[in-house]
Amino acid sequence: VEQLLQHLVNGLVLGGTYALLGIGLTLIFGLMSVVNFAHGEFYTLGAYAAFATLALAGLPFFAALVVAIAAGSLLGAICERLLLRPLRGHSIDTIMLVMIGVWIAMQNAELLTWGGVARSIPHPFPTAPLTLGPLSIAPLRMFVVVTAAVIIALAWLGIHTTRLGTAMRATFQDRDTAALMGVPIGRIHTITFAFGSALAAAAGALLGPVFLVYPSMGDLASLKAFSVVILGGLGNLAGATLGGLLLGVAEELGAGYVSSGYRDAVGFVAIILVLMFRPAGLFARAERIG
Amino acid sequence: MLKRLAPTALVALMTLTLLPAGGDAQAPIKIGVIEPLSGPVAASGNYIRMGAEIARDWINARGGVNGRKVELVIEDNKSDPKEAASAAEKLIVRDKVPAIMGAWGSSMTLAAMPKLEEYGVPMVVETSSAASITKRGNPWVFRISPPSEMEALGLEQYVDRLGVKKADFLAVNTEWGRGSIQAFGDMLKKKGVQIGAAEFMEQAATDMNAQITKIKATGGDTLFLTTAVEQITLVLKQGQEQRLTRKIVTTGGSSSPTQLIKQAGAAAEGSYHIVFFMPWFPEAMPDAKLAKAFVDEWNKRGNPFEGLTEGFRGHDGIATIVEAIKTAGKDEPKAIQDALWKVSLTGVNGPIKFEKDGPAGRESGQSKPSIFVVQVRDGKVALPDFMKK
């Protein structure tokens with residue numbers, strides 16, 4: 001039982017990080033219909049931004065998060081403005097190919113800038129775990145989960161309660177009508193992409209100190225983010241959050257009680273089962289956008 | 001006017017570029033190198049390239065081989081088996097290299113091997129440790145790195161001194177990791193050691209908490225860890241977070257303890273590492289003078305110190321090929337293959353000499369490298385007491 005509890009705690013903590021990765025992608029994927037293969041690279045960008053702020057400049061942890069979010073949204077905005085805006089209205093395949101190009105270019109730029117050797121980011125938290133009876137969790141991970149929850153809540157509020165959020169949802173429900181109502185749709189696209197990229201970069205800055213930072217770290221992050229988005233339903237923030245937690249717990253229990261060699265397989269089997277019974281994702285409503 | 005001139009100019013250009021760069025006797029001897037220079041294990045591949053370049057420069061400074069300079073033709077296999085096969089083909093067909101060193105990972109080496117047989121070109125394998133490489137009946141393969149069985153046997157003499165009573169395993173889910181658990185498990189069982197859990201992790205996995213929670217429950221005293229240095233770092237850190245109190249022994253020789261101390265900090269304290277080169281104690285290596293010279297040259301070039309535990313392989317691989325070319329007296333693939341069987345030299349790791357391995361009549365060459373154990377103590381790499389001469 002103690003082991004089961006520890007597995008559940010591990011799974012929820014891991015799932016929280018998957019959720020953070022998933023929400024940025026679900027916005028871009030679900031609202032803009034852009035299959036953003038470069039999502040993992042914005043995650044890597046955030047991690048390297050945190051590395052530069054914490055390890056090289058010696059600034060506090062909070063500053064690292066701010067720098068990462070700034071870098072992510074800036075590059076995201078540039079990317080949308082230069083590459084995606086000229087292609088608006090083109091087929092999803094063309095845009096997919098462009099995003100694959102962005103993925104390869106960004107990953108190689110990271111390799112060129114930082115080299116292939118993995119780096120670790122120093123963090124101000126004690127390494128001794130917080131313990132409750134037989135359970136233990138690292139203070140850093142606790143902080144990551146809490147911050148992730150706050151970021152997810154802020155993102156949800158932003159989209160559902162502000163004027164900008166309403167404009168975003170309107171644009172992606174019906175672009176022409178939104179334009180007629182005076183919504184500047186070009187700017188909304190740029191802001192959405194920048195926002196999604198900033199969320200990925202924030203995830204990178206939070207998780208960089210937990211794991212290691214290296215140029216190909218984004219590949220696994222992309223894979224998990226896509227799984228979470230498909231599990232939760234496109235464009236659905238609450239779905240991505242719950243999907244992330246579900247995937248984390250499924251993987252953890254699979255590794256703990258089936259076989260650690262099939263850890264990822266257990267996660268994907270869970271996804272296949274969900275898609276068999278709810279093809280639009282776990283939490284999709286009937287009137288899903290798109 | 002321009003239109004009429006263009007073909008003439010083209011022909012002139014082609015003639016110029018196709019002219020041989022000099023007499024044949026003066027042309028350098030080419031040696032092909034296939035390493036992962038980009039992708040997830042790029043750091044290791046680049047360290048091996050640096051080591052190979054030191055060997056090349058030393059050989060050329062001594063006047064080359066058979067009166068000719070040595071030139072390395074280096075190809076990137078992008079940490080990908082498919083690329084390893086096409087790199088081998090490119091080196092053989094386009095660059096016409098008479099011998100190759102490569103290709104780091106077992107899966108990459110295995111993918112390149114059919115090309116060696118197809119064109120009849122020998123390859124010195126510097127890193128890969130899957131047993132199958134020398135068991136497939138490919139007579140063009142000569143390995144200077146130890147397969148897992150050999151590594152396990154090398155550790156056998158220290159098992160009692162390490163105080164291993166019950167062992168758990170955590171390995172990367174590849175041919176290397178699975179082979180390593182098999183080999184070390186067999187050796188430990190023979191020594192009467194109890195075996196607890198055998199857990200796996202995907203090559204790119206970053207969260208190993210599930211495996212650690214499971215291992216914690218077995219009540220063993222030693223954890224054998226087999227994977228690349230990045231994942232070792234993560235396991236050490238996450239083990240500390242979960243209060244995993246075990247002796248940790250890493251296998252495979254790619255663990256780079258210096259890098260672990262830098263990145264895992266206190267979590268690396270007390271861990272043991274099987275390595276094939278001890279740059280911290282060159283005086284304890286079989287050829288102390290060569291080891292010292294190699295470390296000095298590496299530092300002089302500004303190469304990162306943590307790369308030395310990989311970099312020496314590049315030196316030893318190139319030195320082995322050059323020795324064979326010298327014995328053969330010419331740079332023809334078949335002659336080099338024959339000469340490799342006669343090679344006997346001392347590299348940075350120790351003596352290199354090939355013995356037959358694999359199905360009779362089609363044997364591959366396997367050298368028996370030296371194996372060492374170091375420990376992280378007080379934030380530094382130290383020789384365990386049982387390793388002191």
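## A salt bridge between the chains

A:R141 and B:E241 form a salt bridge, with their closest N and O atoms 3.2 Å apart. Here a salt bridge is a side-chain nitrogen of Lys or Arg within 4 Å of a carboxyl oxygen of Asp or Glu. Between chain B and chain A the count is 3 salt bridges.

This is a predicted model: local features need pLDDT of at least 70, side-chain atom pairs count only at pLDDT 80 or more, and totals for chains, interfaces and linings use all residues. Residues are numbered from 1 along each chain as its sequence is written, chains are lettered from A and ligands numbered from 1 in the order in which they are written, and side-chain values use heavy atoms, with hydrogens and water left out.

## The interface

The contact (heavy atoms within 4.5 Å) takes 36 residues from chain A and 32 residues from chain B. The two chains bury about 2700 Å² between them, 51% of it on carbon and sulfur atoms. Buried area is the accessible area (1.4 Å probe) that two parts lose on being put together, summed over both. In chain B, the residues that lose the most area to chain A are B:D207, B:E241 and B:R243, together 21% of what that side buries.

Polar contacts cross the interface too. The rule finds 14 residue pairs, both residues at pLDDT 80 or more. A polar contact is a pair of N or O atoms within 3.5 Å; within protein, one must be able to donate a hydrogen and the other to accept it, and residues adjacent in sequence count only if both atoms are side-chain atoms. On the side of chain B that touches chain A, two or more residues each come from α2 (42–61), β7 (194–201), α8 (209–216), α9 (229–241) and α10 (257–264) of chain B. Helices (H or I, at least four residues) and strands (E, at least two) are DSSP runs, numbered from the N terminus. The largest share, 7 residues, comes from α9(B).

## Chain B as a whole

Chain B has 13 helices and 16 strands. Its C-alpha trace spans about 85 × 45 × 45 Å along its principal axes. Buried residues make up 61% of its 389 residues. Buried means under 20% relative accessible area, exposed over 50%, and partly exposed in between (1.4 Å probe, protein chains only).

## Helix α10 of chain B

α10(B) is mostly covered, with 7 of its 8 residues buried. Among the buried ones are B:P257, B:L260 and B:I261. Their cover includes α9, β10 (272–275), β15 (372–377) and β16 (380–382) of chain B. Just after α10(B), B:G265 takes a positive phi of about 60 degrees.

## Backbone exceptions

Most residues other than glycine have a negative phi, and most peptide bonds are trans. B:N66 has a positive phi, near 50 degrees. It sits in the loop between α2 and β2 (70–76) of chain B and is partly exposed, at 37% relative accessible area. B:D378 also has a positive phi, of about 50 degrees. It lies in the loop between β15 and β16 of chain B. B:D378 is exposed, at 66%.

The peptide bond from B:G102 to B:A103 is cis, with omega near 0 degrees. B:A103 is in the loop between β3 (100–102) and α4 (106–119) of chain B.

## A buried serine in chain A

A:S197 is found in helix α8 (residues 185–207) of chain A. A:S197 is buried, with a relative accessible area of 0%. Beyond its neighbours within four places in sequence, A:S197 is in contact with A:I28, A:F42, A:G72 and A:G76.
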